[in-house]
Amino acid sequence: MAERAVPLAPGHVGVDLHLEVIAAEGRRAGIERALRDAVRDGRLAPGALLPATRRLADELGVSRGTVKAAYDQLVAEGYLSARQGAGTQVAALPSVDAEPPGAHARARVPRFDLRPGSPDVGTFPADAWLRALRRALAAAPSPAYDYGDPRGRIELRTALSGYLGRARGVLAPPERIVITSGYVQGLALLTRVLDGATIAMEDPGLPFHREVVRRAGGRVVPIGIDGHGARVEELADPHDVSAVVVTPAHQYPTGVTLHPERRRALSDWARARGGLIVEDDYDGEFRYDRQPVGALQGMAPGQVAYVGTASKTLGPALRLGWMVLPPHLVDPVADAKLHSDHHTETIGQLALAELITSHAYDRHVRACRLRYRRRRDRLVELLGAHRNVRGIAAGLHALVEVADEAAVLARAAEAGLAVGHLGEHWHAPGEGAAGERAQGLVVGYGTPRERVYPEALEVLGRVLAGD
Ligand SMILES: Cc1ncc(COP(=O)(O)O)c(C=O)c1O
């Protein structure tokens, strides 16, 4: 993807602004998006004066009319304001990008964002998606626009069946796949079907997902994590655990992988107790030091509900996920899905099916893998020998051990750096004497735009230097 970064000197806008115009987007659309991003993430502050159209046109190598059209569009959208004789300015924007409510709302846009959770959404393959969408709609029969199978479109289930088998070692006949609105809906539907069951979830793990389980009627108990992943022996204690949710490929947030003996022990537990393993394979495609280890589901397809998502590979905005279920759960989960939202919207499903069957999905994943691998290497390089980066070379985050989480976080906040930390992931954050529990930063190296990543790392280095 060709990117053109045009530095605009401080004289123009009061800040050294880089506009990344992605050539494939089309010139005007690219300029609009780049400016919109700059206003949203604060690089262009309210009141900042934009360069004259002629000047920006020269710097970008486009016609003046193109820049003028982009400015006009952003004035119409309320991002910019233009006054006769006063040039074009960034508007004051209280309402343009109102924060969504809820747990994932990101309160203020930090200057440097190394929080885990999102990929670099600037890499969304808009062109490939558009092509896939066009082809999918051209081929779609009329009934595709009607209510459909609660499990999702057969085109996507068939495409996923092949992809998951080949890329993740999942045994996935299309009739056992249910398309969901992301992992989060899969987890909620499974919990509802388990009807008030006790569900073990990794400790540390993502608090949002614990809350999702509770709100769907599940009772959450912790299962500890060590260097070999989830401590399966803890399932034998008096809790009457019916299901366990794990991240075997790359534990979130510690980054360890589930040891082969633990994999065996977990599937033995499930077989012996009639328990269910929920396998959250949220970033299984991203392994940098070797071939990805196949999904746990492949060795226990009758005991595992495998859940995957497009959130890390394409983007969370799609809200597209998939479950591969043991046979006895297909009908109950499809029924829960029907009574939740009939089915996941069809158009995106058809586009994703096309993206997968044309192999554009694989190409995109490969390109992202390279990009994230470089980012992880840079992180490890920066931290050098005196910092322990825990976990395997995989995914979009790494755990960096620190001596004093609270002090490091305070310094990070001062430096405009947002970063995750282990403390927010424990089931019972207040418990355990200080020093007993591991302390660490959960560094999401996938999140920043490519251009700001080196600087974000530098700031992280400075923040850690005082630890
Ligand atoms: C541990 C874990 N699982 C799953 C997901 C994906 O969730 P969803 O598909 O609902 O976006 C995430 C995203 O942040 C995650 O961190």
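The model is predicted.

**Stop 1: the ligand**

Select the ligand and the residues around it. There are 13 residues in this shell, and those that come nearest are Tyr183, Asp280, Thr309, Ser311 and Arg319.

- Tyrosine 183 places a polar backbone atom 2.7 Å from an oxygen atom of the ligand.
- Valine 184 has a backbone N or O atom 3.0 Å from a ligand oxygen.
- Arginine 319 contributes a polar side-chain atom, which lies 2.9 Å from an oxygen atom of the ligand.

On its own the ligand has 390 Å² of accessible area, and the protein covers 91% of this. Colouring the shell by class shows five nonpolar, five polar and three charged residues.

**Stop 2: the end of α7 and the loop beyond**

Continue from α7 to aspartate 195, located in the loop between α7 and β7. Most residues other than glycine have a negative phi, and most peptide bonds are trans.

Next, follow strand β7 (198-203) towards α8 (207-215); the loop between them holds proline 204. Aspartate 203 and proline 204 are joined by a cis peptide bond, with omega about 10°.

A further cis bond can be selected at tyrosine 252 and proline 253, where omega is near 10°. Proline 253 belongs to the loop that lies between β10 (241-246) and α9 (260-273).

**Stop 3: helices α6 and α11**

Select residues 154-168 for α6 and residues 346-357 for α11; the axes of these helices come within 8 Å and cross at roughly 35°. The crossing is left-handed. On the α6 side, show Glu155, Leu156, Ala159, Leu160 and Tyr163; they meet Gln349, Leu350, Leu352, Ala353, Ile356 and Thr357 of α11. Eight residues of this contact are nonpolar, two are polar and one is charged.

**Stop 4: helices α3 and α4**

Finally, select α3 (residues 53-60) and α4 (residues 64-77). At what angle do the axes of α3 and α4 cross? The angle is roughly 120°, and the axes come within 8 Å. The crossing of α3 and α4 is right-handed. Thr53, Arg54, Leu56 and Ala57 from α3 meet Arg64, Val67, Lys68 and Tyr71 from α4. The contact of α3 with α4 comprises four nonpolar residues, one polar residue and three charged residues.

Notes. Residues numbered from 1 in each chain as written. Predicted model: local features only at pLDDT ≥ 70, side-chain atom pairs only at ≥ 80, totals over all residues. Heavy atoms only, no water. Axes fitted to C-alpha atoms, helices over the stretch in contact; angles between N-to-C directions. Helix = DSSP H or I, 4+ residues; strand = E, 2+ residues; numbered from the N terminus. Left-handed = near helix turned anticlockwise from the far one by under 90°. Contact = heavy atoms within 4.5 Å. Nonpolar A, V, L, I, M, F, W, Y, C, P; charged D, E, K, R; others polar. Near = heavy atom within 4 Å. Polar contact = N/O pair within 3.5 Å; in protein donor to acceptor, adjacent residues only side chain to side chain. Areas by Shrake-Rupley, 256 points an atom, 1.4 Å probe, with all protein chains shown as cover.
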